Number of protein chains: 2
Amino acid sequence: MTKPAGRPKRRQPGASETKGHGSSGRDGLGGGQVEGRRAVRELLRARCRGIRRVIMSTDLAADPLVDEIVALAGDARVRIEYVSGVELEELARTQAPQGVIAHAVPVVEADVDTLLAHPRAFIVALDGVTDPGNLGAIIRTAESAGATGIVLPRHRAAGLSPAAVKAASGAIEYLSIGLVAGIPAFLDRATRAGLWTVGLDERGTTSVFDLAVGEGPVVLVLGAEGRGLSRLARERCEVVAGIPMHGALDSLNVGAAAAVACFEITRRRTP
Amino acid sequence: MTKPAGRPKRRQPGASETKGHGSSGRDGLGGGQVEGRRAVRELLRARCRGIRRVIMSTDLAADPLVDEIVALAGDARVRIEYVSGVELEELARTQAPQGVIAHAVPVVEADVDTLLAHPRAFIVALDGVTDPGNLGAIIRTAESAGATGIVLPRHRAAGLSPAAVKAASGAIEYLSIGLVAGIPAFLDRATRAGLWTVGLDERGTTSVFDLAVGEGPVVLVLGAEGRGLSRLARERCEVVAGIPMHGALDSLNVGAAAAVACFEITRRRTP
């Protein structure tokens, strides 16, 4: 593995504050290696965490996103290191880094009580989603739908691997992510805090389009690829809803199901 | 590459008819190599095309889906060839074949006039989606939302690669897929045939949740990853709609956007 000519790994003065990720001083969630143009652009734009370096291929064709990254790096006083396309691929940990990699301070987990205290909380809890691409895609979807936080089980969480970070396309810079010991216990805690808990499962008896979503705080729980919600999580939900299938297949992939459910909940909550 | 002990490649009597894919006698769409448990199960269940062989790893743990594949293969009189896990991985062309591969007659393209003539047509047209995983995921979503067909540009279509087939999870067995010379000209043709044409684009001025979708026939056009709809396709659409973004990011991935838009159109059309 060829290392690009390094500059000292010091934090950038303009980009070293952490904000938007709740209390610090806990273990990071990972997410330090950021690959892909959109993910790196949002890292630089959000300035939520320290950026150690940005590495760019010298072989890139003209592209507005690349120009934006160069300009934002200048604003943030982050120097860009240029390496050959081959060297960049060697440094990459995803299949398509799109010629840009950044190294940043890991994402700090959010405080779960703070997430629950939001008066219009819309928390997406993931009960066993294991594929990093799905994890990242769901974080991106949830952020775009206006969710106020993500909750992952600590022991099973894959963490924010480079593949998850790339699929999230920058959403991890904006959306607070909390870790809990287990999703079923978290659902009890959410119910006690006054949140409405909705599970999404193909075996759900209510249609997701018929949910009586009010303006109050809500948790949406998504189950694992293939297996769906665990029995314990399902039993803790006040409602288990399904997405009506109109074809021959019996399920959507978890990313598509998350998109339909998140935007439907937001549509209902939007005055 | 180790070949598993082969039986003669003849079509199975019970599974050799083609149906559900319109006129035959044209070039196939590909899709002959089917990997992954759900995709192989639906191939066997739908019996829309001839199945040359099913190859299974001898190393699989007990799983209801595997049992179902074995039973369906028995019903269809398709013999299963068992190979070691290592041999199966060597035969695979996707990253996670889940221990099962089938070889089938390629998918036959559907006749586009037949797709347009459906009185309640709901056609999803893809204007330049290039990633096989996205292509497959959108076909799965469209099938589940009750779309009546998919239209792809012939010259740019990646075709149904093993990765697309796996991501479609069997949807290609049920949903008719047509090829056209270009999406803009297809949209003119659809308009002349009386279909309403809706483009999905982040620059759309109407919200996808405010579309006046009636019960009539409709085409939904999705643009390429990153670039969105081409100018020519956008100009041919009667409405260009966007999905309202509620966070800091400016776009969804095309698979998530497809899921939101397809299920919203279906919700509006369902009496």
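## Helix pair α1–α2 in chain B

α1(B) passes α2(B) in a left-handed crossing, a label for a near helix turned anticlockwise from the far one by less than a right angle, clockwise being right-handed. The contact (heavy atoms within 4.5 Å) uses R37(B), R38(B), V40(B), R41(B), L44(B) and R45(B) on the α1(B) side. On the α2(B) side stand L65(B), V66(B), E68(B), I69(B), L72(B) and A73(B). These residues comprise 7 nonpolar, no polar and 5 charged. Ala, Val, Leu, Ile, Met, Phe, Trp, Tyr, Cys and Pro count as nonpolar, Asp, Glu, Lys and Arg as charged, and the others, Gly among them, as polar.

Helix α1 of chain B spans residues 37-46, and helix α2 of chain B spans residues 64-75. Their axes come within 9 Å and cross at roughly 25°. That makes α1(B) roughly parallel to α2(B) (angles under 35 degrees). Axes are lines fitted to C-alpha atoms over the helix stretch in contact, with angles from 0 to 180 degrees between N-to-C directions. Helices are DSSP runs of H or I with at least four residues, strands are E runs of at least two, and both are numbered from the N terminus.

## Basis of the model

This is a predicted model: local features need pLDDT of at least 70, side-chain atom pairs count only at pLDDT 80 or more, and totals for chains, interfaces and linings use all residues. Residues are numbered from 1 along each chain as its sequence is written, chains are lettered from A and ligands numbered from 1 in the order written, and side-chain values use heavy atoms, without hydrogens or water.

## Helix pair α5–α9 in chain A

In chain A, helix α5 (residues 132-144) packs against helix α9 (residues 254-269) at about 15°, with axes 9 Å apart. α5(A) is therefore roughly parallel to α9(A). The crossing of α5(A) past α9(A) is right-handed.

From α5(A) come N134(A), I138(A), T141(A), A142(A) and S144(A). They meet V254(A), G255(A), A258(A), A259(A), C262(A) and F263(A) of α9(A). This contact has 7 nonpolar, 4 polar and no charged residues.

## Salt bridges

The structure holds 36 salt bridges over all chains (Lys or Arg side-chain nitrogen within 4 Å of an Asp or Glu carboxyl oxygen). One joins D63(A) to R37(A) at 3.4 Å, N to O. D63(A) lies in the loop between β2 (51-57) and α2 (64-75) of chain A, and R37(A) in helix α1. The pair links distant parts of the chain, 26 residues apart.

Note on methods:
Angles under 35 degrees count as roughly parallel, over 145 as roughly antiparallel, 65 to 115 as roughly perpendicular and the rest as oblique.
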